[in-house]
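Hi there,

Here is the structure I promised to send over. Have a look at it first, and my notes follow below.

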Amino acid sequence: MTVEEFRKHAHKVVDWMADYMENVEWYPVKSQATPGEILGRLPDTPPSGPEDFSDFMHDLDEIIMPGISHWQSPSFFAYFPANTSPPSILAEMITATLGAQCMIWETSPAAAELEEKMMIWLRDLIGLPSQFEGVIQDSASTSTLAAILTARENAVNFRINEEGSADSGILRVYCSEQAHSSVEKAVKISGIGRRNIVRIPVRDDFSMDPGKLREAVENDLAKGYIPCCVVATLATTGTASVDPLRETGMICSEHDIWLHVDAAMGGTALILPEYQWMLDGREYIDSLVFNPHKWMFTNFDCSAFFTRHAGLLIRTFEILPEYLKTRTRGIVNDYRDWGIPLGRRFRALKLWSVIRMYGVEGLQEKIRAHIGLALALAGNIRNEDDFELLAPVLINVVCFRYIPAGKGERELNEINENLNHRLNDTGRIYLSHTVLNGKYTLRMVTGQTNVTAEHVEKAWQQIRDTARSL
Ligand SMILES: Cc1ncc(COP(=O)(O)O)c(C=O)c1O
């Protein structure tokens, strides 16, 4: 493709993108594709010669789009949002065009220094103390793995990195029963072993019970285990419950345990002064992850990982082959030493674009509006006798179920599971579920960039009508 041809096609692609943004609301929000359907429509072999870009665009519309679930639809209420925005997409186009590898400062000084500055902006925006330094990772799963590996090395004085784990003792990692599966994955991958993740029971509001955490740590110490890391969550995936940071932090500090905070989604709410209470106890935090790619209008991937011990993080990951030696080592940030991959995308650019185009007040306004929608929905649910809320609504997640009279628990679970599938199969809204205290629970999250009160009201109407017609 020549540059002139690129220019021509790119204009058409941008028109396609703008049309998509205008019309996304009318697509079936959850793809209605059946397993293998898209695979069967794709040719078995690649073309032997060049094809026209217009044929590619034709197949995008005909083959691929029916198999896309529309996360950017304002009727997407499932999981957690992976929202985006025009300023983010524009910057991402530039990142792809530059195609820079941002592994070390020298391979793109501006990328490294913009990343450093964006992490300072974000750190200050969410209210972390100034000792924290940040780096952009691809996902919260990677950030949590980086935290647990650093905590592991810190606990054994870097012996496992050097000698392997044979004589290092049994390390233990603690998190609540509601913590995200990425914690378990990190414990497996880190060699600590899934058996050594200790799931702490939660209180009635689904937050970690600090009394039970203390008991677990003290029991483990008595058995000769090495408590290595506690992961506290600000906004758990199931209910957006918030673990008590101060009490958790005091236990960590008493026993010299690394405190990692998973604020993958909830971190965005920290940009609101009225949500700073979640960070009470911040002086105990060793590391924290927050994903702007979830709820801060920055398209996937962009996970902000902060630690007050950048030296320990770097010592855990650094490696210095001859071909990566530079004259600037030690006076700049070489982010390849701050995590797992060597090659790194220029992700800071989209963050810069988003923060500048919205401005802090613009971001705050949208986040407040999203939280307001969740609170209003919760109010509507409370007003109906045949629906009930199943968890407190703190941020943007509403957990509820349909409770028609005269049904037992098992029947209610079947009814609500059926309701969830029925709703998603219409293609008009997309919800996901969890199970709380044995109850099948519908979850509705109001965090999509363009969601409005009208979308939430329409969805609620559809939920009520569908439930009552079952
Ligand atoms: C609380 C929490 N932590 C971690 C993750 C994992 O995020 P990522 O997809 O960036 O790895 C999620 C995903 O929804 C989450 O809800």
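Arginine 329 is partly exposed, at 29% relative accessible area (partly exposed lies between buried, under 20%, and exposed, over 50%, with a 1.4 Å probe and protein chains only). Its salt-bridge partner is aspartate 337, with the closest N and O atoms 3.2 Å apart; a salt bridge here is a side-chain nitrogen of Lys or Arg within 4 Å of a carboxyl oxygen of Asp or Glu. Aspartate 337 counts as buried because its relative accessibility is 3%.

Before you read on: this is a predicted model, where local features need pLDDT of at least 70 and side-chain atom pairs count only at pLDDT 80 or more, while totals for chains, interfaces and linings use all residues. Residues are numbered from 1 along each chain as its sequence is written, and side-chain values use heavy atoms, leaving out hydrogens and water.

The whole structure holds 28 salt bridges. In one of them, glutamate 115 meets arginine 344 at 2.7 Å, N to O. Both ends are buried: glutamate 115 has a relative accessible area of 3%, and arginine 344 has 6%. Glutamate 322 and lysine 325 also pair, at 2.8 Å, N to O; there, glutamate 322 is exposed at 58% and lysine 325 partly exposed at 46%. You will also find a salt-bridge network linking Glu92, Asp301, Arg345, Arg347 and Lys350.

Happy browsing, and do write back with any questions!

Best wishes
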